[in-house]
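Let's go through a model together and ask what each label rests on. Have the viewer open.

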Amino acid sequence: MSQPERKAIHFGAGNIGRGFIGPLLVDSGYHVVFADVNKDIIQKLNEQNSYEVLILDEESEQRASVSDVSGVVSTSDDIVHVFADPAVDLVTTAVGPQILEKIAVTIAQGLHARREADAGPLNVIACENMINQTTTLRNHVFEHLTDDDKDGSKRTATPLDVGVEGFYEWVVDEKALHRTRPDVKLKGVKLTTSLDAYIERKLFTLNCGHAITAYLGFLKGYNTIDEAIRDEDIRETVRNALLNEGGAALRKKHNFDKEEYRQYVEKTMERFANPRLKDDIVRVGRQPLRKLAKGDRLLGPAYMAREYSLPIDNLAKGITAAFLYEVPDDKQSVELQKKVEKEGIEKAVSKVTGFQEGSEEHRKIIEAYHALSKLDTTRSHS
């Protein structure tokens, strides 16, 4: 007797969805239903039922075909009907932290339809660049559920082709995962009982280094991340920030092995240097106020380093460079520049970062601001 078809719904048919999560789910035996607002992408998925992933490692390119996929417009009633399908036992998201609240309404409607159809429990995993992403999504969803639904949920080179890097990491909280089917194993997923440690490692290492590279690279006139990280000064600033400041704090807090963490940093630096990714500096640096939020990729490791009496000299350079990131069509960049112009850099730094004027951290950022303000930025960002 053949096994019944297993289906997973994935919100977000962008690079992460089609290039990373989708292939892993298909490889785990799922038919993947992509949900997205982009009607053209959804139409192509349903016409072709497959696409190719171009794996862009620094020395080579490889192509992999991903089939057994379909799509549904996430703002249509069709997505609610998919939730009611008993074959569905997993929902994942990769839409960006700011969109979670928007898709929560749709997920709540889907869970209601699922309970009405007695379709059984399912797992929901948010794969976003933020801490407590699944808990955040759960809270948004619960705002739109009835009490009965809440009780039930507790039991529960065509336009499609995409280029991605070969390295990935998908870590899931084992304690929060319901075993909906004993035979289902997600390939490429690391289960852990210490999810916060891995989330902070990723956010305070990869995302932190990415942001520092982008902001310092912008000031020096580079256009892509790989160009910037090949600059000796930028490379050393990023490496020291990750290894000796934020990273040293991470190791103290979460007991990461020193050599294992060093290798993680070196692998991260190699990723930044991959020219095939063509990672645009303006894209990586966009929305500087969000990246300067407390607990996010820049201030998070700085505060953690301070907690363990560690230096933040290189982190301070990255934080400072974000204050000098001036892009006219980036609303947050414009807002930040207006704040500096209106209040002065010292007060602006204090208000945005929370580091009080006169503190050691505030002093380091101000010193770095005056030093970085003198950088030659005559090259254009095309």
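Below are some questions about the labels, with answers that set values against cut-offs.

This is a predicted model, where local features need pLDDT of at least 70, side-chain atom pairs count only at pLDDT 80 or more, and totals for chains, interfaces and linings use all residues. Residues are numbered from 1 along each chain as its sequence is written, and side-chain values use heavy atoms, with hydrogens and water left out.

Q: What is the average pLDDT of the chain?
A: The average is 86, and 85% of the residues score at least 70. pLDDT is the predictor's confidence in each residue, from 0 to 100.

Q: Where does pLDDT stay under 50?
A: That's residues 154–168, and the model has 55 contacts for them beyond four places in sequence. A contact is heavy atoms within 4.5 Å.

Q: What makes helix α14 mostly covered?
A: Nine of its 11 residues (313–323) are buried, including Leu315, Ile319 and Phe323. Helices here are DSSP runs (H or I, at least four residues), strands are E runs of at least two, and both are numbered from the N terminus.

Q: Why do β5 and β7 stand at the edges of the sheet?
A: Two strands pair if DSSP finds at least two bridges between them. The open sheet has five strands in the order β5-β2-β1-β6-β7, with parallel pairing. β5 (69–73) and β7 (123–126) each have a single partner strand, so one side of each is left without a neighbour in the sheet.

Q: Why are α15 and α16 called oblique to each other?
A: The axes of α15 (residues 331–343) and α16 (residues 345–353) cross at roughly 130 degrees and come within 7 Å. Axes are lines fitted to C-alpha atoms, for helices over the stretch in contact, and angles run from 0 to 180 degrees between N-to-C directions. Under 35 degrees counts as roughly parallel, over 145 as roughly antiparallel, 65 to 115 as roughly perpendicular and the rest as oblique. α15 and α16 are therefore oblique.

Terms used
Buried means under 20% relative accessible area, exposed over 50%, partly exposed in between (1.4 Å probe, protein chains only).
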